[in-house]
Amino acid sequence: MAPSEPDLEPPPWWGTVSLDVETGGRWAVGPSTLWLYRTDREWRIIHRWSSPPEAPDPLADRSEVTVPLPEDELADVLDTEDEETLHTNRYSFGETDPRISLQPALADRPVVSRPEHPLYVPPDESVTLYLSTALWIRIVLPDSDRKLQEIPSFRMSDTWFGATTTDGEFCYATRTAGWLRLDRLPRRLHRAVTPLRIRNTAPDPLALERVQLPVQHLALYTTPTHQLWTQGVTMTRSAAQEGADIQVRSGPPADADEAELLQERRESAKRGLFTSTFSAVGTLFAS
């Protein structure tokens, strides 16, 4: 598949392809680039974290698939000695399957979003924010139902989220615009959108400094235009508690027209979800 024209919407990067022995392909997913190479006894996965010069924005909507890859470009990648930017993993088999699938998946732990600008919710008010989070690239052999690897399309930082430095959990951290209007929402095929409704029933304003989104408990949906969504989430803050009760709505969000289930949630919630506080303490650590 050749790269899309600049005036056309990019095609989805996920799906199943077949590769002959000694051939490979290239996938551009947001700021990441991925190469897959097959031999008769090995699948090789090569990944580059850094963005190329034509897409320096980590939010850029790159979605390109080139299969099969020209021999000269494939040779350059396989023979490179640049181990700082190119990361290679090799998977050995008695005989390799010809088909391989790339699938989008949500993160494996909660994502803490820090709004770019301060946002306050007055008492007895509610607001809906459209948050986007980076997806993982899941690599699967569909014929034998084997998962080889998962790679984040964008490497987020690590953070601790909790009421204290001992009461909380390990999360990923990212910044977000926190869009209030759906028509302003950019279309990015390496990110999933979550409609987050925040209800403040407490007598004082709620400052949204950091919001913890439990993406590992959310399913992933796709629309006919390949926009990726999760279920809607409602967080309710009351006067009797510092944090908020979390309700995950069933099915695709109302904003996602004709959406269909693409991936089930990673984890089932064993009990009611609760976020300790919107402005939890914590330190960001570079990953």
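This is a short tour of a predicted model, stop by stop, for you to follow in your viewer.

Residues are numbered from 1 along each chain as its sequence is written, and side-chain values use heavy atoms, with hydrogens and water left out. Because the model is predicted, local features need pLDDT of at least 70 and side-chain atom pairs count only at pLDDT 80 or more, while totals for chains, interfaces and linings use all residues.

**Stop 1**

Select strand 5 (63–66) and strand 6 (86–92) to begin. They belong to an open sheet of five strands, ordered 5-2-3-4-6, with antiparallel pairing. Strands here are DSSP runs of E with at least two residues, helices are runs of H or I with at least four, and both are numbered from the N terminus. Two strands pair if DSSP finds at least two bridges between them. Why does one side of strand 5 and of strand 6 lack a neighbour in the sheet? Both stand at the edges with a single partner strand each, so one side is left without a neighbour.

Look for Ala28, which stands opposite Glu64 in strand 5.

Next, show helix 1 (residues 71–78), which packs on the sheet and touches strand 2, strand 3 (32–38) and strand 4 (42–48). Contact means heavy atoms within 4.5 Å. The direction of helix 1 makes about 100 degrees with that of strand 3; axes are lines fitted to C-alpha atoms, for helices over the stretch in contact, and angles run from 0 to 180 degrees between N-to-C directions.

**Stop 2: aromatic pairs**

The whole structure holds three aromatic pairs. Rings of Phe, Tyr and Trp (its six-membered ring) pair if their centres lie within 6.5 Å; planes under 30 degrees apart are stacked, over 60 edge-to-face, and the rest tilted.

Select Trp13 and Trp14, an edge-to-face pair with 5.5 Å centre to centre and 90 degrees between the planes. Both Trp13 and Trp14 are buried (under 20% relative accessible area; exposed is over 50%, partly exposed in between; 1.4 Å probe, protein chains only).

Then pick Trp136 and Tyr172, a tilted pair at 5.2 Å and 50 degrees. Trp136 is in strand 11 (residues 136–141) and Tyr172 in strand 14 (residues 168–176), 36 residues apart. Trp136 counts as buried because its relative accessibility is 5%.

**Stop 3: Gln227**

Finally, find Gln227 in the loop between strand 18 (220–222) and strand 19 (228–230). Gln227 is buried, with a relative accessible area of 10%.
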